[in-house]
Amino acid sequence: MLSPAALSAVVTTFDGDERNRALGVWSALSGGGAAIGVLLGGLLTGGPGWPWIFFINVPVGAALLVALVRLLPAGVVGADRRRLDLLGAALVTAATGAVISALVGAGDRGWTDAATLVRVGVGVLLYVAFALRQRTAAEPLMDLRLLARRAVRAGTFLVLVATALMIAVFFLGSFLLQRVHGLGPVATGLLFLPVALATMAGSQLAGTVLGRTGGRPLALVAAVVVAGGLALPATLDGTLVSVVGMAVAAAGIGALFVVASATALGRVAPHEAGIASGIVSTFHEFGAALGAAVVSSVAAAGVAGGAASGIEAGFGFAALTALVAGVIAVLLLPRR
């Protein structure tokens with residue numbers, strides 16, 4: 001609930017190049033925060049223990065609540081006070097949950113397992129029911145024509161791919177540093193600090209230059225940077241090479257997040273900002289589940305037995321995915 005609400009606040013507050021820079025800050029904090037979470041996870045695991053991942057969020061949430069009350073503008077309550085389509089919300093939430101559940105379990109059970117296929121099927125049926133509900137509801141939850149816009153389709157595709165690649169870096173990198181190179185959780189967490197900083201740097205740079213370059217060339221360059229970074233741990237051995245490769249890839253992923261957000265949200269009207277941000281956030285979750293499921297399947301042998309070859313294969317697959325996604329993004333992204 002926080003993510004689309006915050007993202008829609010960014011979209012409605014800024015416009016033009018200023019919005020691109022604001023989305024650069026958003027992506028830097030989002031991607032960098034995820035990498036810092038890996039760092040803190042290592043410190044907590046090696047210190048007081050992994051259950052502290054739950055306790056640490058209580059003071060963070062309290063501090064966030066105080067900051068929101070003090071800093072966020074109250075805004076103006078509009079005249080459009082439509083009732084919430086609770087049935088539509090329940091259908092689309094259940095559909096998304098079913099598909100993500102299938103993706104999360106596919107890495108363990110297999111992609112052709114009956115449970116995986118049933119959950120995907122249930123998700124598809126629920127999405128169809130949601131679409132029918134939106135066509136017949138007096139006050140629908142969302143205008144489905146929003147998904148037909150080229151910019152929204154291209155942006156959500158990039159969000160999904162960028163998130164999947166980011167999760168692949170975290171997932172494979174953690175196993176590589178601990179299972180193959182023999183590092184502890186604290187050392188592994190600390191080595192993700194350059195990854196966090198690189199994500200922030202890539203996002204900030206992309207937010208600054210996006211208005212001048214446009215989305216197409218920036219997405220292609222970012223995808224090539226991601227592929228080049230992931231190719232290092234896929235082909236070369238050593239802790240330093242692995243960390244440098246992941247940091248380079250993270251810089252490109254940060255840039256992809258900015259292109260994705262700016263493309264998907266760049267031309268939405270203020271009253272569409274909340275729904276469009278919700279779509280982007282949903283595909284972000286899809287990408288996380290898909291990235292974990294796919295790379296765990298590709299690198300299954302390395303993950304289970306600590307074999308470098310399996311994990312290297314996962315990095316190689318992610319690098320190839322980045323290149324293919326870059327080409328597809330060029331075809332999907334609008335000219336301006």
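Biologist: What volume does the largest cavity have?

Modeller: The largest cavity has a volume of about 50 Å³. Please keep in mind that this is a predicted model.

Biologist: Which residues line the largest cavity?

Modeller: The lining of the largest cavity consists of Gly31, Ala35, Met166, Val169, Phe170, Val195, Thr199, Ala250 and Ile253. Two or more of these residues come from each of α2, α7, α9 (193-213) and α11.

Biologist: Which element gives the largest share of that lining?

Modeller: Helix α7 does, with 3 residues in the lining of the largest cavity.

Biologist: How many of the residues lining the largest cavity are nonpolar, polar or charged?

Modeller: There are 7 nonpolar and 2 polar residues in the lining of the largest cavity, and no charged ones.

Biologist: And what lines the second largest cavity?

Modeller: Its lining is made up of Leu176, Val180, His181, Pro233, Leu236, Asp237, Gly238, Ser242, Ala308 and Glu312. The elements that give two or more residues to the lining of the second largest cavity are α7 and α14 (308-332). By class, the lining of the second largest cavity holds 5 nonpolar, 3 polar and 2 charged residues.

Biologist: At what angle do α7 and α14 pack?

Modeller: Helices α7 and α14 pack at an angle of about 165°, and their axes are 10 Å apart. Since angles over 145 degrees count as roughly antiparallel, α7 is therefore roughly antiparallel to α14.

Biologist: Is the crossing of α7 and α14 left-handed or right-handed?

Modeller: The crossing in which α7 passes α14 is left-handed.

Biologist: Let us turn to the aromatic residues. How many aromatic pairs are found in the whole structure?

Modeller: A search of the whole structure finds 5 aromatic pairs. One of them joins phenylalanine 170 and phenylalanine 192 in an edge-to-face arrangement, at 5.9 Å centre to centre and with 75° between the planes.

Biologist: Where do phenylalanine 170 and phenylalanine 192 lie?

Modeller: Phenylalanine 170 lies in helix α7, whereas phenylalanine 192 lies in the loop between α8 (185-191) and α9, so the pair ties together parts that are 22 residues apart in sequence. Phe170 is also among the residues that line the largest cavity.

Biologist: Which elements each supply at least two residues of the lining of the second largest pocket?

Modeller: They are α1 (2-13), α2 (16-46), α4 (57-71), α7 (150-180), α11 (239-265) and α12 (273-298). The largest share of that lining comes from α2, which contributes 13 residues.

Biologist: What is the division of the lining of the second largest pocket by class?

Modeller: The lining of the second largest pocket has 20 nonpolar, 12 polar and 1 charged residues.

Biologist: How far apart are the axes of α1 and α2?

Modeller: The axes of α1 and α2 are 9 Å apart, and the two helices pack at an angle of about 155°. The angle makes α1 roughly antiparallel to α2. Their crossing is right-handed.

Biologist: One last topic, α5 and α6. At what angle do they pack?

Modeller: Helix α5 (residues 86-109) and helix α6 (residues 114-136) pack at an angle of about 160°, with their axes 8 Å apart. They are therefore roughly antiparallel to each other. The residues of the contact of α5 with α6 divide into 16 nonpolar, 6 polar and 3 charged.

Biologist: Is the crossing of α5 and α6 left-handed or right-handed?

Modeller: The crossing of α5 and α6 is left-handed.

Terms used:
Residues numbered from 1 in each chain as written. Predicted model: local features only at pLDDT ≥ 70, side-chain atom pairs only at ≥ 80, totals over all residues. Heavy atoms only, no water. Helix = DSSP H or I, 4+ residues; strand = E, 2+ residues; numbered from the N terminus. Nonpolar A, V, L, I, M, F, W, Y, C, P; charged D, E, K, R; others polar. Axes fitted to C-alpha atoms, helices over the stretch in contact; angles between N-to-C directions. Parallel < 35°, antiparallel > 145°, perpendicular 65-115°, else oblique. Left-handed = near helix turned anticlockwise from the far one by under 90°. 1 Å grid on protein atoms, 1.4 Å probe; cavity = no way out; pocket = protein on both sides within 12 Å on 5 of 7 lines; lining within 4 Å. Points joined across faces, edges and corners; volume = space filled by probe spheres on them. Phe/Tyr/Trp six-rings, centres within 6.5 Å; stacked < 30°, edge-to-face > 60°.
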